[in-house]
Amino acid sequence: MNPRVLVLCGGLSHERDVSLSSGHRVAGFLEDTGKWDVAIHDVDNALLDFLTDPATRPDIVWPLLHGSYGEDGSIRDVLEMVDLPYIGSRAKASMLAWNKPIAKNIVRKIGRLHTPHSVTLPQEVFRELGVQPIINHIVNSLGLPLIVKPSMGGSALGCTVVHDIAQLPQALVDCFAYAHTALIEHFVEGTEVSVSILDTGDEIIALPALEISTPHGIYDYSERYTPGETEFIVPARLDSDVLERVKDDALTAYQVLGMRDISRIDFIVDRDGIPQFLEANVTPGMTDVSILPRQAVAAGFNLGDLYSRIVESVLSQNRNVPHEKSSL
Amino acid sequence: MTNNTPHIIKNDPWYGSYASRAEDMRASEIRALFAVASRPEVVSLAGGMPYLDFLPFDELSELVAKMLREEGSHAWQYGSAQGNAHLRERILDIVRLEHITDAQADDVVITNGSQNGLDLITRLMCDPGDVIIAEDPNYVGALGVFKSFQAEVINAHMDADGLIPESFEESIKYAIAQGKRVKFLYTVPTFHNPAGVTMSIERRTRILEIARKYHVLVVEDNPYGLLSFDNKTYPALRSMDPDNVVYLSSFSKIIAPGMRVAWMIAPPGIRQKLVLANESSILSPSNMSQMTISTYLDNFDWKKQIEEYRGMYKSRCETMDQALRTYMPYCSWNKPQGGFYIWLKIPEGLDAKAMLPRAITARVAYVSGTAFYDTGEGADHMRLSFCYPTEERIVEGIRRLSTVVDEELATAQLFGTTSTSTIPVIKPEN
């Protein structure tokens, strides 16, 4: 009998649709290897029974939940409580990496990486201090253009690039529809690149930096999930020393954030060739149009073999660490 | 592993080969949010799904099993492009309720849902750039079909009595002045989706007169006509002008959408072409589905079933109306006399589409009014469906929605993206 792998996907976040697609893709590739008995489960009130019933209890879980609950560490905490090994960063590391302002702070202070100037403001601050004075200070401090993002969340949902101060109020309203806190960041012009990092047991691999080229310059939800318009270029069209620095910075971010197994680190390389860290993805998209699988195939990997190697690696590590011993 | 020569990865190597009509077929974050709406934690006031738990599935499954034993080789075989003759006869019993008494079974064409029917009639009538006049707002599924054939939609306005004849005529004149060919009027005259209004009898007569005057075909989409709350059925436009109306209706709302069985009644020339178009499109509608529907119609009191549905939907509509009065009295809405939907106007300055993520977080879903226009309008409205959730869930859904609207209004007022400084008090439009 093959080891049981449970792929967790769906959930109740705004990214449920993407998560379902990621989960079914990964499950399909694992099944095709013939090495695993793969099951797929949503996050619902039947999940705990499924995880603990000896008849269904998996040997390992691959959480492919995007958005809140999936990437904020909470489901991973639950998996640790029921002593199940899982693929991906631990709960507390996820909690830090998932929060964009905190992750930026860690990689800047501890990793010594560059990050775009930004402020992080909850809606209440605007209410208490007045909108227009704060907006004026934001623009004076960070300059234009800006990008307004929910402080937590993925798939570019709720993100708006602001070129004029008059656009900022609406951008904030749109952002607060997704989250209580906004990360308002100077929009750095440059080359958008991603580095996926994989731990296959033998080594930690940083896949060659992938450049994202979109017709309108913004990699928004529609560009991400409509096949066609966006082009990925591997390796990114950057000087070799810059490419090397992007790779090193990605590995640094991965390490200082305490990530493990699989992640994707996003940067903008500015006009001076300096990689500016944007975010670290606890659960990178694994859909048929997502960056990580395309990057892996471009690097010569067979996806079924690669995903199997990751599962085998985690299974071999005997990770059933009791919950109270959990740390970064 | 790769060398250091950059190479381009195309997610879709066929990008650039698609027809121009496929350009708008793009992923959308709003569509993605509806994946969450299917979860039981979310009160979905979004979908127009009929409530099916009243159907006699136990008895029906035995009868369908018997049908398969006795006629399985026919049920699972290809069928006629026009549809099963027995079912077409039974459909005549249904349309008589809407005063269509002169139709023959030969006038009926069975389709895979009315969406298939809309596709066929648009394919038959419209070259790119031809004009379709449609109500404002308009059924979102029809808009998608019209766009796929590159037809131009010109809106005509409605009020509480449905399509306004003067607006209809103005739209025809406008199109003609632009040198365009008006191919048909698309209308949902009874219990409109999404507006919930019904065209008055007087207006039906006037609309048909105008259509005849300008030689404009009328495409009457009537899935909700039998679902009135006062047992009143309106005469179908087809019953008033058989030569100039193509009538579409469906079993989706009165029996079950999963069967995908609907029908069209058309004048002879158009009907003949519809059959040929159906054949080239799908060869034939599903025999299995048609025979399942026939089995139901032949063995159950379907009229009584429709009466039960009317009572249930009426009660749910009243519950939603009352919940709106309790929780959202500052909004305005119509109170429909049948069908599935309430068309809600939200406070000025709010954007129903932009507000949807907040609603999903609050575990309630609706359809933004923008879905029912192809012009970007409609952000000040949302469509609320009362057909599927129980009354208890409807009340809870409206309560959740009210908190979402309150929060969004407070945010919009804070950032000055709405001109209103206080919550407006608007009396419901009844």
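In what sense do strand 1 and strand 2 of chain A pair, and over how many bridges? They pair in the parallel sense, over five bridges, with strand 1 covering residues 4-8. Pairing here requires that DSSP finds at least two bridges between two strands. Strands (E, at least two residues) and helices (H or I, at least four) are DSSP runs, numbered from the N terminus.

Before going on, the basis. This is a predicted model, in which local features need pLDDT of at least 70 and side-chain atom pairs count only at pLDDT 80 or more, while totals for chains, interfaces and linings use all residues. Residues are numbered from 1 along each chain as its sequence is written, and chains are lettered from A and ligands numbered from 1 in the order in which they are written.

Back to the sheet. One residue pair in it is A:L8, which stands opposite A:H41 in strand 2 of chain A. The sheet is open, has three strands in the order 2-1-3, and its pairing is parallel. Strand 2 (37-41) and strand 3 (60-63) of chain A are at the edges; each has a single partner strand, so one side of each is left without a neighbour in the sheet. From one strand to the next the twist averages 25°, where axes are lines fitted to C-alpha atoms, for helices over the stretch in contact, and angles run from 0 to 180 degrees between N-to-C directions.

A:L8 comes up again in the core. The largest nonpolar core has 204 residues, and A:L8 is among those with the most contacts inside it, along with A:V7, A:V148, A:A253, A:L257 and B:V246. A nonpolar core is a set of buried Ala, Val, Leu, Ile, Met, Phe, Trp, Tyr and Cys residues joined through C-beta atoms within 7 Å. Buried means 20 or more other C-beta atoms within 10 Å of the residue's own, exposed means 12 or fewer, and partly exposed is in between, with C-beta atoms placed from the backbone. Helix 13 of chain B (residues 391-415) gives the most to this core, with eight residues. B:V246 touches B:I121, B:L217, B:V219, B:E220, B:M264, B:A266 and B:I270, if residues up to four places away in sequence are not counted. Contact means that the C-beta atoms of two residues, placed from the backbone, lie within 7 Å.

Next, strand 8 of chain A, residues 190-199. Eight of its ten residues are buried, so the strand is largely enclosed by the rest of the structure. Nine bridges join strand 8 to strand 12 of chain A, and the two run antiparallel; A:V193 has A:F267 as its bridge partner in strand 12. Strand 8 also pairs in the antiparallel sense with strand 10 (residues 210-213) of chain A, over three bridges, and there A:E192 is partnered by A:I212. With strand 9 (residues 204-206) of chain A, strand 8 has three bridges, again antiparallel, and A:L198 stands opposite A:I205. Strands 8 and 9 of chain A form a hairpin with four residues between them, and A:G201 in the turn has a positive phi of about 100°.

A:D266 lies in strand 12 (residues 262-270) of chain A and counts as buried, with 21 C-beta neighbours inside 10 Å. Leaving out residues up to four places away in sequence, A:D266 touches A:S194, A:L278 and A:E279. A:E279 is in strand 13 (residues 275-281) of chain A and is buried, with 22 other C-beta atoms within 10 Å. A:N281 is placed in strand 13 of chain A and is buried, with 23 C-beta neighbours inside 10 Å. Its contacts, neighbours within four places in sequence aside, are A:G154, A:S263 and A:R264.

Last, the interface. In chain A, 41 residues are in contact with 32 residues of chain B. Helix 8 of chain A gives the most to the chain A side, with six residues. Four bridges join strand 11 of chain A to strand 1 (residues 7-10) of chain B, and these strands run antiparallel. A:E231 stands opposite B:K10 in strand 1 of chain B.
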